[in-house]
Structure formats: C-alpha cells, structure tokens
Amino acid sequence: MNKRKLIGPFKQIISMAGLSLKGAISDHQLPILEDGGIIVADGKIQTIGNFEALTKKFEGIEIQALKGNHTCMPGLIDSHTHICFGGSRAKDYAMRNAGKSYLDIAKSGGGIWDTVTQTRKATKEELIKRTTKLANRHLKNGVTTIEVKSGYGLSVDEELKMLYAIKETNTVVSADLIPTCLAAHMLPKDYEGSHEDYLLEISEKLFPILKEEDLTNRIDAFVEESAFSAAQIAPYFEKAKAMGFDITVHADQFSTSGSKVAVDFKAISADHLEASTPKEIELLAKSDVIATALPGASLGLGCDFTPARQVLDTGGALAIASDHNPGSAPMGDLLTQASILGTFEKLSNAEVLAGITFRAAAALNLKNKGQLAEGFAADFIGFHTDDYQEILYNQGNLKPCMVWKNGALVFDKHKH
Ligand code: NIG
Ligand code: FE
C-alpha cells in the first residue's frame, strides 16, 4: 500500500463531487477548487483542499510537487467497450462508407460473426496481448477504468477463453478492467438450434462457471431484430437476475424494444439508444437505468447520435462511453467522442464530464469512483492547462499529461 502523500498544486481541481446523478447540469454548478492539492493514502483520497494550507496542516508530509499549470479531474471511466477481439474489420468500414449498411454486411457474413471467427482463431495469449495494448492506450488518454465485454466467442468454451483473457489482462495493466459477459451478442451461425435453445444452454452451462471462477458479475445482451428479441431474452435475464448478476442491455440501436427490457429488468444501464423516440427516453428517465450514449458507434456507422440532450432534459442519467470495438466503433478515443457528442447534442461541459466520470461509474455500479472526494479511489488525471474548459474545447486533442491510479503516478508525459 502506498504511503500518504500530498500531490499538487493544481491550478484547478474539478472534483465532480456533489453533482446530481440525474438530469441537466450547468457549468456554474461545477465544483472548481483553485490552487488545490490532494492527499492520498492507501490508494484512496484522504483530503482535498488548498495546497498551501495542506502543506502547513500536514507538516512533514511527502509531497509530489508539480511544476507549471495543471488542471485535475477524476480518471475517465469508459463503461462500455469490446476491446478483447481478434482481427480487424477495416473492410466492413470501407464497405459501409461505399454505401452498404451495417445490417446488410452482417447478413452477408461480415459484421459481428466475422470478428467471432477471428477471435475464435486467436489464442488466449494473443487476446491478452491485444487487450493489454488497447487498455494501455486508453490509460494514456486518461481512462482509468474500462469495462470490457466478451461476446466474440459465442460458445461456452470460447466465451470462457475471452473472459479469462480479460481477467488476466486486468492483472497486467494499470487501469481497472470491469468484465461483462455478452454471450447473447447474436445467435452463432454454427449453432444447431433456436435462439431460445442457445440462450438456455448459455445460462445453464456458462452462468454457474462465471460465478465459480469469479469471471464477471455482469450480463449483457444485444436486444435487436438481428440478435435477440425482448421475448427471447426475458428468461435469460430472469435467470441472470435470480443468480445475482447485474444486467446491462445493448438497447434501441436500430429498432426500439431494448430500453423497455432494460427498465423491466431493472438493468444498471441501457446503452446505444440511437433509435429511441421520446417514449423510450421518458421511460428510461423515470427509471433508475443509466442511459449510455455511444458516440463512437454513431461516428463509426455514420448514423444519428443518441438523443443525449433529451435524456437530460427529461430528467434521465446520461453516461457516455466509447463502445470501442472492431466493427461499429473502431476509433476508441473516449474524450474526443464525448466532446463531439457535446457539440452536436448541445451538452454543457459539466454534463459531458459527468457522463465520463461519476455517471459512468454509476453505469458500472461502482460506488467509489468518478469523483474526487474523501474515501474515493485516488484515480485522477492532470491536463496541461489552467482552465478546465480547454479540455473539451480541444475536442480530444488535449490529452492528459499525467495519470494517477490508486494514488500512484502511472503515466507521466513529461518523461516520454
Ligand atoms: O455495441 N451492437 C452490437 N454490438 C457492438 C458492435 C459489435 C461489432 O460490430 O463487432 C456495438 O456496436
Ligand atoms: Fe457495444
């Protein structure tokens, strides 16, 4: 465990503390501490306050002194990714840009199934290598917690290979990886049986192993005409809930119905929502489900953004995640995508930053992340600027120059 130390001074600390989980937020509500310092101990935040005052109050404390102007905020949280996969889908991207649709490509043998084929060919070690590389890139971009889904295995053994790869990657990277089982991504093309048979088999054979081996406590499903219907997924989610798993849903990406499933099953989050109408947005806003926008998928597919403004104005909770995956969202730069969503959806800085910090933490059911406050994980990032507004204004081109994870400096651009 690391020793107690004081880190700073930061020109500004944007703690994100005390803001509401749901609804609109304006920038003047953002808590901004000028010339602040953070005391960390045992990986957690002990105190935040004026740097000078802290040096006096805690005389003799070890100080990690920063030179120049820095703005500090919580480490970013990416609550939805698929960064464990084999191969590439560059050809899908080219075909889409040449006019074919995502669903047409999927029907003709490309799409998710193509990545399943390539992921099955990869060894667990190859998957670990790939996932490590992508998680480390994310960390340098300020993302200290990353959800990672399976879903390119689509059989008991191949899903297990992915989930073991994610678990092992978590032991070698600085970021925290939060695994999710997405065995219900599509009906595998080589499965001899119905959608219902497949889901039953997964829930009977895979779910108990997930518990025994401590591989994940989250179950996701793609509720969509091309994947699983609301009726098909209901018994699967019932079983998952009965076993104590948290539920999350790929909802309303191309057609609506997933958001109602998310609300009915008290899912932690409903992600995508590009096709949601005011009816679905209202349903979500009235519930405790976090609505997650995935601007990277809109940019990758060239389709509408999630109606994020509407989510907030209706009183909903909005998280923003990258959906980084080889098919629909190949870019994987959360800060860039969140900035762009803000521009198109007219979100305040506070709403965008909330979406990639404490509201994203809520989308992962994590209680001690996403804010800088006493007792929270000491995960934070520093940008070379004296004004937090520069962060989103630069649309992702201003990267953090320092990243702390559990109080330890794990990336320092000044040294690279
Ligand atoms: O979140 N929509 C379903 N799943 C992923 C895409 C996966 C893929 O195309 O490989 C998504 O966009
Ligand atoms: Fe996804």
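1. Histidine 82 places a polar side-chain atom 3.3 Å from an oxygen atom of ligand 1. Aspartate 323 likewise has a polar side-chain atom by an oxygen atom of ligand 1, here at 2.9 Å. The model under review is a predicted one, and these distances should be read accordingly.

2. The protein is assigned two domains. Domain 1 is made of two segments, 5-75 and 371-415, while domain 2 covers 77-363. Between the C-alpha centres of domain 1 and domain 2 the distance is 30 Å. Their contact involves 32 residues of domain 1 and 37 residues of domain 2.

3. How much area is buried between domain 1 and domain 2? The value is about 2,800 Å², and carbon and sulfur atoms contribute 64% of it. On the side of domain 1, Leu21, Lys22 and Leu392 account for 23% of the area buried against domain 2, more than any other three residues.

4. Polar and charged links also cross this interface. There are 13 residue pairs in polar contact between domain 1 and domain 2, with both residues at pLDDT 80 or more. The salt bridges between domain 1 and domain 2 number 2.

5. Which elements give two or more residues to the side of domain 1 that touches domain 2? They are strand S5 (71-74), strand S14 (380-383), helix H16 (389-393), strand S15 (402-405) and strand S16 (408-412). Sorted by class, this side of domain 1 holds 19 nonpolar, 8 polar and 5 charged residues.

6. The salt bridges of the model come to 19. One of the pairs joins aspartate 333 to lysine 399, with 2.5 Å between the closest N and O atoms. Another salt bridge links the side chains of glutamate 158 and lysine 161, at 2.9 Å from N to O. Both glutamate 158 and lysine 161 belong to helix H6 (residues 156-172), where they stand 3 residues apart, about one turn of the helix.

Terms used. Residues numbered from 1 in each chain as written. Chains lettered and ligands numbered in written order. Predicted model: local features only at pLDDT ≥ 70, side-chain atom pairs only at ≥ 80, totals over all residues. Heavy atoms only, no water. Domains from an automatic or database assignment. Contact = heavy atoms within 4.5 Å. Buried area = accessible area lost by both parts, 1.4 Å probe. Salt bridge = Lys/Arg side-chain N within 4 Å of Asp/Glu carboxyl O. Polar contact = N/O pair within 3.5 Å; in protein donor to acceptor, adjacent residues only side chain to side chain. Helix = DSSP H or I, 4+ residues; strand = E, 2+ residues; numbered from the N terminus. Nonpolar A, V, L, I, M, F, W, Y, C, P; charged D, E, K, R; others polar.
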